[in-house]
Amino acid sequence: METFTVQDALDTFGFGKFQWKLCVLAGLAWTGDAMEMMILSILGPQLYCEWRLPSYKVALIALMVFVGMIIGFPLWGNVYDKFGRRVGLIISMCWTLLYGLLSAFAPVYGWLLVLRGLVGFGIGGCSQSVTLYSEFLPMKMKGTRIMMKWLPESPHFDLLTGETEKVMVTLQRVAKENGKTMPAGKVTPHKEVFPIKNRAFAVGTCNAIARLGSLITPFVSEVMLMKSIKLTLSSYFACSLLAGIACLMLPSTG
């Protein structure tokens, strides 16, 4: 009997209408992430004037967001790997929405710190939308393209949990929207360099490590910049240089 993997089917379907829809939906999660991060640049000066906060307290507001993100990235990764990409994304988006609204009504500085930290924790899950999106991409496009009712579950995850019927339903849906035909045979697991069962956790852990620099940035921009422009620029240059060296040391996935 002929067999095919989920990735074989996705490669056959190519990049079409289905992926464009998913791109928009996953992009909305990233938009929420970006908006919550950008608001820090507006919130800081406003609170500096309204609440007469010193520079280090303004920097602490941004710091709490990044602390929440660092904690949230690997924990949300576990949620995505255990309960599914779709469920994890819905919960993290609702979490971010709730605490984002509550932080707008924070009565005192202490409450604002706590609520912004909880917002950061939720953002740690929103960024995992790229995991869901990437698992619907043809292999040749994974390196170049990274309404909740419509949002599908990853067929890779469904196959991992033994939901073969759901896998076929999802693949048939992709094939229909992209105007392609299903491969012949039975779907089978695909051997990959990076296991599906802990992919979201690994992505979350990498994101958490990447945010370590974000912990320093508020103090660099709010405190160090007032002391020395040269020292500030040198700090950013050194971090960029180290990042470049680290990238050169990364192995190829083959």
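This is a predicted model: local features need pLDDT of at least 70, side-chain atom pairs count only at pLDDT 80 or more; totals for chains, interfaces and linings use all residues.
In which helix is the place of Asn178? Asn178 belongs to helix α8.

**Overall make-up**

The protein contains eleven helices and two strands. Along the sequence, these elements follow the pattern β-α-α-α-α-α-α-α-α-β-α-α-α. Of the 254 residues in the protein, 43% are buried. The protein exposes about 14300 Å² in total, and 70% of that area is supplied by carbon and sulfur atoms.

**Helix α8**

Helix α8 covers residues 164–178. With 15 residues, α8 reaches 21 Å from its first C-alpha to its last, which is close to the 21 Å expected at 1.5 Å a residue. The buried residues in α8 are Val167, Thr170, Leu171, Val174, Ala175, Glu177 and Asn178. After α8 comes Gly179, which has a positive phi, near 70°.

Asn178 counts as buried because its relative accessibility is 13%, and the cut-off for buried is under 20%. Leaving aside residues up to four places away in sequence, Asn178 touches Phe13, Gly14, Phe15, Gly16, Lys17, Phe18 and Gln19.

**Salt bridges**

Side chains of opposite charge can pair when their charged atoms come close. A search of the whole structure finds three such salt bridges.

| Lys21 | Glu177 | 3.3 Å |

Two of the residues in the table, Arg173 and Glu177, both lie in helix α8. They are four residues apart, about one turn of the helix. An α-helix has 3.6 residues a turn, so residues three or four places apart point the same way. Through salt bridges that share partners, Lys21, Arg173 and Glu177 are joined into one network.

How exposed are the members of this network? Lys21 is partly exposed, at a relative accessible area of 35%. Arg173 is also partly exposed, with a relative accessible area of 29%. Glu177, by contrast, is among the buried residues of α8.

**Cysteines**

How many disulfides does the structure hold? The count is zero. For Cys126, the reason is distance: its sulfur is 9.4 Å from the closest cysteine sulfur, in Cys94, which is too far for a bond. A disulfide would need the two sulfur atoms within 2.5 Å. Cys126 is buried, with a relative accessible area of 2%. Cys23, at 28% relative accessibility, counts as partly exposed.

Ile61 is found in helix α3, which spans residues 55–83. Is Ile61 buried or exposed? It counts as buried, because its relative accessibility is 3%. Not counting residues up to four places away in sequence, Ile61 touches Leu40, Leu43, Leu47, Leu53, Tyr109, Leu112, Leu113 and Arg116.

Helix α11 runs over residues 229–248. Leu233 is found in this helix. At 56% relative accessibility, Leu233 counts as exposed. Leu233 and Val220 are 13 residues apart in sequence, and their C-alpha atoms are 9.4 Å apart in space.

Which residues form a nonpolar patch on the surface? They are Phe237, Leu241, Leu242, Ile245 and Met249. Together they have about 570 Å² of accessible area. Met249 lies in the segment after α11. Met249 counts as exposed because its relative accessibility is 65%, and the cut-off for exposed is over 50%.

Definitions and conventions:
Residues are numbered from 1 along each chain as its sequence is written. Side-chain values use heavy atoms; hydrogens and water are left out. Patches are made of residues with over 30% relative accessible area and no salt bridge: like charges are joined within 9 Å, nonpolar side chains (Val, Leu, Ile, Met, Phe, Trp, Tyr) within 5 Å. Accessible areas come from the Shrake-Rupley method with a 1.4 Å probe; for residues, only the protein chains shown count as cover. A salt bridge is a side-chain nitrogen of Lys or Arg within 4 Å of a carboxyl oxygen of Asp or Glu. Buried means under 20% relative accessible area, exposed over 50%, partly exposed in between (1.4 Å probe, protein chains only). The expected span of a helix is 1.5 Å times one less than its number of residues. Contact means heavy atoms within 4.5 Å.
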